[in-house]
Amino acid sequence: MDWKVPLFDTDIGSDEIDAVTRVLRSGWLTMGEETKAFEREFASYVGVKHAYFVSNCTAALHMAHHALGAGVGDEVICPSMTFVATANSIIHTGATPVFADVTGEGDFNISPEDILKKITPRTKGVAVVHYAGYPCDMDAILRIARERGLYVVEDCAHSPGASYKGRMTGSLGDIGCFSFFSNKNLSTGEGGMVTTDRDDVAEKLRLIRSHGMTTVTLDRHKGHAFTYDVLEYGFNYRSTEMNAALGRVQLGKLEAKNKKRAGLVSTYADKLRKIKWVRPVFGDYSREAAPSYHIYPVLLEKGVDREALMVFLKEKGVQTSIHYRPVHTFTAFSGKAKPSVPVLDGLMDRVVTLPLYPAMTEEQIEYIAGCLSAFALSREQDA
Ligand SMILES: Cc1ncc(COP(=O)(O)O)c(C=O)c1O
């Protein structure tokens, strides 16, 4: 469909094309110097000792829970208001995701109070998502986790470049997991990064990314090794040199692009102020943090027909989405007892995501605000 305003847009320029072409010409396509350089640069940007480039964030999350010892019989507390990968990655270790509520109608991040309520003797760890790029209440979450010996995985799919009290997301918990999917703030098409400051965990992550093998193909190509041992039951969660080259260029542009997103979010707040039945989520966010503004979710007043609104906007050429249908409501999860998430229950049918991407213009936001007002008018006339 030819959208007037798409939900997101990729931003690939000649720098990215040159970088990928350089790799293709080099003839070395996997786990080489580009990957190493991207990992070094990303680790330094996030402020951690170790970063491993992987196929995607789902792989990163699976590796994280696996490396931190989640397994059969364990529980890991996570949000339901997230992309399903946050929970699937726990399930694939044999552990059970236990869903916690959101903090409130204006803050869709996991509630520290509800984490406390959901802890049982089987709880092994907590997975948090910095929803839309707004850092969670990490002081409270880390305090709870440390006091009880639980690990903390940060799902940073939305939050590359976001910081909390001067520290980057992905450096706050035991392991951080990033997504470089097409619609993300930093995109390599597919890709992810796993970050940690813990040397013990880092070695395990390095091994399980590539079958648990002690050497990689590059080591053997360079004549550093003839053979290898296998120390862990690993996976193949590697990415490519082309993706790493793309990632390095995109990392260099991340700060500027996040800044543009911040400007657009404040323009949205301005333009939507007069539309009383639409409330920007995180409109009152006041944590000591710098968000990365990944998406722009709004909350509709009770009684507004969300589907009718999304159809109306589609007819006007504005693409919208829903972030998210809570994970526990999906068919695959329906066999389990419904979690107690009263705040989420009250808002899950009222959430809509409006377009947001760095190349968006103020005029496009003005246009969307106009469409929202026109929708209200059309409903009044229908009534
Ligand atoms: C919160 C969250 N976690 C995990 C993922 C999974 O990322 P990937 O597609 O890189 O596996 C996504 C992707 O959209 C996400 O939004």
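The legends below describe a predicted model.

**Figure 1. The surroundings of the ligand.** The ligand is surrounded by 14 residues. N56, C57, T58, A157 and S179 are the closest of them. Two helices, α3 (57–67) and α4 (85–91), each contribute at least two residues to this shell. Sorted by class, the shell holds 6 nonpolar, 7 polar and 1 charged residues.

**Figure 2. The largest nonpolar core.** This core has 105 residues. Which of them touch the most other members? They are A60, M63, A64, V126, C177 and V194. Helix α9 (residues 241–272) is the element that gives the most to the core, with 8 residues. Both domains take part: domain 1 (14–101 + 108–251) and domain 2 (254–382) each provide at least three residues of the core.

**Figure 3. The contacts of C177.** C177 is one of the core residues that touch the most other members. Leaving aside residues up to four places away in sequence, C177 touches C57, A60, L61, A64, V153, E154, D155, C156, G192 and V194. Among these partners, A60, A64 and V194 are also named with C177 in the core. Another partner, C57, is one of the residues closest to the ligand.

Figure 4. The protein is divided into domain 1 (14–101 + 108–251) and domain 2 (254–382). Their centres, taken over C-alpha atoms, are separated by 27 Å. Across the boundary, 26 residues of domain 1 are in contact with 27 residues of domain 2. On the side of domain 1 that touches domain 2, the elements giving two or more residues are β8 (163–164) and α9. The residues of that side divide into 14 nonpolar, 9 polar and 3 charged.

**Figure 5. The whole chain, for orientation.** The protein has 12 helices and 15 strands. Its radius of gyration is 21 Å, close to the 21 Å that the globule rule gives for 383 residues, so the protein is as compact as a globular protein of that length. The C-alpha trace spans about 75 × 55 × 40 Å along its principal axes. Of the 383 residues, 48% count as buried. Among contacts with a separation of 6 or more, 73% join residues 24 or more positions apart.

Definitions and conventions
Residues are numbered from 1 along each chain as its sequence is written. This is a predicted model: local features need pLDDT of at least 70, side-chain atom pairs count only at pLDDT 80 or more; totals for chains, interfaces and linings use all residues. A residue is near a molecule or strand if its C-beta atom, placed from the backbone, lies within 6 Å of it. Helices (H or I, at least four residues) and strands (E, at least two) are DSSP runs, numbered from the N terminus. Ala, Val, Leu, Ile, Met, Phe, Trp, Tyr, Cys and Pro count as nonpolar, Asp, Glu, Lys and Arg as charged, and the others, Gly among them, as polar. A nonpolar core is a set of buried Ala, Val, Leu, Ile, Met, Phe, Trp, Tyr and Cys residues joined through C-beta atoms within 7 Å. A residue is buried if 20 or more other C-beta atoms lie within 10 Å of its own, exposed if 12 or fewer, and partly exposed in between; C-beta atoms are placed from the backbone. Domain bounds come from an automatic or database domain assignment. Two residues are in contact if their C-beta atoms, placed from the backbone, lie within 7 Å. The radius of gyration is taken over C-alpha atoms; the globule rule is 2.2 Å times the number of residues to the power 0.38.
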